[in-house]
Amino acid sequence: QDVPLLSEADTASVLRLSKGEQKSYDLSKTFIETFSMRAVQQPDAIAVSDENSQYTYAELDHCSNALAHLLVEEGVKPNDFVCVFTERSKEFVLDVHAIHKAGAAYTPLDIDYPLDRLQYMLDESEAKVLLTIHKVLEEKRKEGLHIDESKVKVILIDDLDLHSAKADAINLTTPDNIAYMIYTSGSTGKPKGAMLHQRGLMNFTCALAEVEQLTIDDRKSVV
């Protein structure tokens, strides 16, 4: 006979704690839709910055539209995967916004990962496009990274003049689309891709803004 470790009262208390507070957010919109609304409301406000430069909301909206159109022209379809292989910079945020506007999902490739892990993630994700920059691509190819360009299209962000490109608004994603695929640590074997949908991303964004009590004047640092 099993002997319970907790009393009924303690068990109920633990279950209440693990359940957490129930919240209800409007998940009919996507993160990109809320971003585009903010770009209209505050076009000149700073959207993202790094140690070198910054994008206003209007600039990020325009440039991500231009890149999204390029991704679609290259054959990227909703729920396809696009690998982002760049440094921690404002361009990473640009890439993610463009991928979502194209209806696709992003898979981040950390430049500090071991070569065999990067190779596995690139191959296993079956990404249609690899967004990167000259510096990263050249360094990793010298280290031995193999990119089969018959299967994945390489787009070098630092070769593009997105500011000057004509770019109509575009948003092909829906709450049911995949937002991203993150690979697990692989501590028990090969890394596994864990996917999150746009609805989950929106839920997380709303919850974070509420918990952190963020306002339109706040800045959030990401390391």
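I start with pLDDT, which is the predictor's confidence in each residue, from 0 to 100. Helices (H or I, at least four residues) and strands (E, at least two) are DSSP runs, numbered from the N terminus. I noted that this is a predicted model, where local features need pLDDT of at least 70, side-chain atom pairs count only at pLDDT 80 or more, and totals for chains, interfaces and linings use all residues. Residues are numbered from 1 along each chain as its sequence is written, and side-chain values use heavy atoms, with hydrogens and water left out.

**Confidence.** I found a mean pLDDT of 90 for the chain, with 93% of its residues at 70 or more. Confidence is lowest in helix H1 (residues 8-19), at a mean of 76, and highest in strand S5 (residues 129-132), at 98.

**Ring pairs.** I counted rings of Phe, Tyr and Trp (its six-membered ring) as a pair if their centres lie within 6.5 Å; planes under 30 degrees apart are stacked, over 60 edge-to-face, the rest tilted. That rule gave me four aromatic pairs. One of them, Phe92 with Tyr106, is edge-to-face, at 6.1 Å centre to centre and 90 degrees between the planes. Phe92 belongs to helix H4 (residues 90-101) and Tyr106 to strand S4 (residues 105-108), 14 residues apart. Ring pairs also link Phe92, Tyr106 and Tyr180 into a cluster.

**Charges over rings.** My test was NZ of Lys or CZ of Arg within 6 Å of the ring centre and within 35 degrees of the ring normal. Lys90 lies over the face of Tyr55, at 4.9 Å from the ring centre. Arg117 lies over the face of Tyr113, at 4.5 Å.
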